[in-house]
Amino acid sequence: MTTRRIAVVSAGLSQPSSTRLLADRLAQAVRDDLMTRGVDAEVTVHELREHAHEITDAMLTGFAPAGLQSVVDDVVAADGLVVVTPIFTASYSGLFKSFFDVLEKDALAGKPVLVAATAGTARHSLALEHALRPMFAYLRAVIVPTAVFAASEDWGGVDGVSGALQARVRRAGAELADLVASRQSSAPADPFALTTSFEDMLAGR
């Protein structure tokens with residue numbers, strides 16, 4: 001079975017957080033849709049709150065500490081990204097922006113990205129369009145058409161979320177899965193993998 005790597009970046013500050021909850025829902029939707037396409041998904045979730053000091057250090061020094069560097073490497077190598085931020089003052093959080101400021105300017109070029117956000121009220125939903133989407137467009141990522149916003153009132157109903165939020169999560173997950181499934185894997189080639197059969201080697205071919 002084909003395998004694709006999905007990196008999830010969650011910028012929630014509390015624990016537990018609705019931001020992480022939405023990130024997990026989206027990751028599961030992407031994984032489920034990829035499975036229907038015969039594609040396995042390796043999903044890694046990165047909580048930026050665990051690397052807040054390292055992100056600040058990297059911005060001040062220009063060098064990422066080892067723990068943060070492993071997150072950066074995973075995000076850059078992933079076949080697709082799910083990124084979720086809480087909305088503060090009508091935009092993404094400073095921690096969220098700072099993490100992407102640490103990346104090299106071309107690190108996300110051509111990479112499929114699903115953008116999502118959480119806030120206490122639906123009045124902040126347009127932040128996805130006037131803040132997140134322009135930022136990732138500037139980074140030359142390929143942003144899926146459906147952005148997902150979850151307000152406080154969306155957490156309820158069947159299975160803990162409203163029907164409308166469930167529908168948005170499924171649609172966005174399918175859009176990212178479609179881009180990821182059709183994309184050549186970003187995984188580095190195995191330098192020890194055999195590219196020639198033993199029969200051809202014995203025959204001198």
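Are Phe96 and Phe136 buried or exposed? I looked up both, and each of the two is buried. That gave me a way into this structure, which is a predicted model.

**Entry: confidence**

The mean pLDDT of the chain is 89. I noted that 87% of the residues reach 70 or more. Over residues 187–195 pLDDT stays under 50. For that stretch the model has four contacts beyond four places in sequence. I read residues 187–195 with caution.

**Entry: helix 4**

Next I went to helix 4, which covers residues 94–102. I listed its buried residues: Leu95, Phe96, Ser98, Phe99 and Phe100. What covers them? I found strand 1 (2–10), strand 3 (80–88) and strand 4 (91–92) among the covering elements. The cover also includes helix 2 (52–61), helix 3 (66–77) and helix 5 (127–138).

**Entry: aromatic rings**

I counted ring pairs next, and the count comes to five aromatic pairs. One of them joins Phe96 and Phe136. I noted 6.2 Å centre to centre and 65 degrees between the planes. This pair is edge-to-face. Phe96 lies in helix 4 and Phe136 in helix 5, so the pair ties together parts that are 40 residues apart in sequence.

Phe136 also pairs with Phe100. Here I read 5.0 Å centre to centre, with 80 degrees between the planes. This pair, too, is edge-to-face.

Which residues do the ring pairs link into a cluster? I wrote down Tyr92, Phe96, Phe99, Phe100 and Phe136.

**Entry: strand 3**

I then turned to strand 3, one of the elements covering helix 4. Strand 3 is mostly covered, with eight of its nine residues buried. I followed its partners one by one.

- Strand 1 pairs with strand 3 in the parallel sense, over five bridges.
- Strand 4 pairs with strand 3 in the antiparallel sense, over two bridges. In this pairing Phe88 stands opposite Ser91 of strand 4.

Strand 3 and strand 4 form a hairpin with two residues between the strands. Thr89 takes a positive phi there, near 50 degrees.

**Entry: the largest pocket**

Last, I looked for open space. The largest pocket has a volume of about 230 Å³. I counted 13 residues in its lining. Which of them lie nearest the centre? They are Gly62, Ala64, Val102, Leu103 and Glu104.

I also asked which helices supply the lining. Helix 2, helix 3 and helix 4 each supply at least two residues. Helix 3 gives the most, with three residues.

**Entry: back to helix 4**

I close with helix 4, which came up in several entries. Phe96 and Phe100 are among its buried residues. Both belong to the ring cluster, together with Phe136. Helix 4 also supplies at least two residues of the lining of the largest pocket.

Definitions and conventions
Residues are numbered from 1 along each chain as its sequence is written. This is a predicted model: local features need pLDDT of at least 70, side-chain atom pairs count only at pLDDT 80 or more; totals for chains, interfaces and linings use all residues. Side-chain values use heavy atoms; hydrogens and water are left out. pLDDT is the predictor's confidence in each residue, from 0 to 100. Contact means heavy atoms within 4.5 Å. Buried means under 20% relative accessible area, exposed over 50%, partly exposed in between (1.4 Å probe, protein chains only). Helices (H or I, at least four residues) and strands (E, at least two) are DSSP runs, numbered from the N terminus. Two strands pair if DSSP finds at least two bridges between them. Rings of Phe, Tyr and Trp (its six-membered ring) pair if their centres lie within 6.5 Å; planes under 30 degrees apart count as stacked, over 60 as edge-to-face and the rest as tilted. On a 1 Å grid over the protein atoms alone, a cavity is a set of points where a 1.4 Å probe fits but cannot get out, and a pocket is an open set with protein on both sides within 12 Å along at least five of seven lines; lining residues have an atom within 4 Å of a point. Grid points are joined across faces, edges and corners, and a volume is the space filled by probe spheres set on the points.
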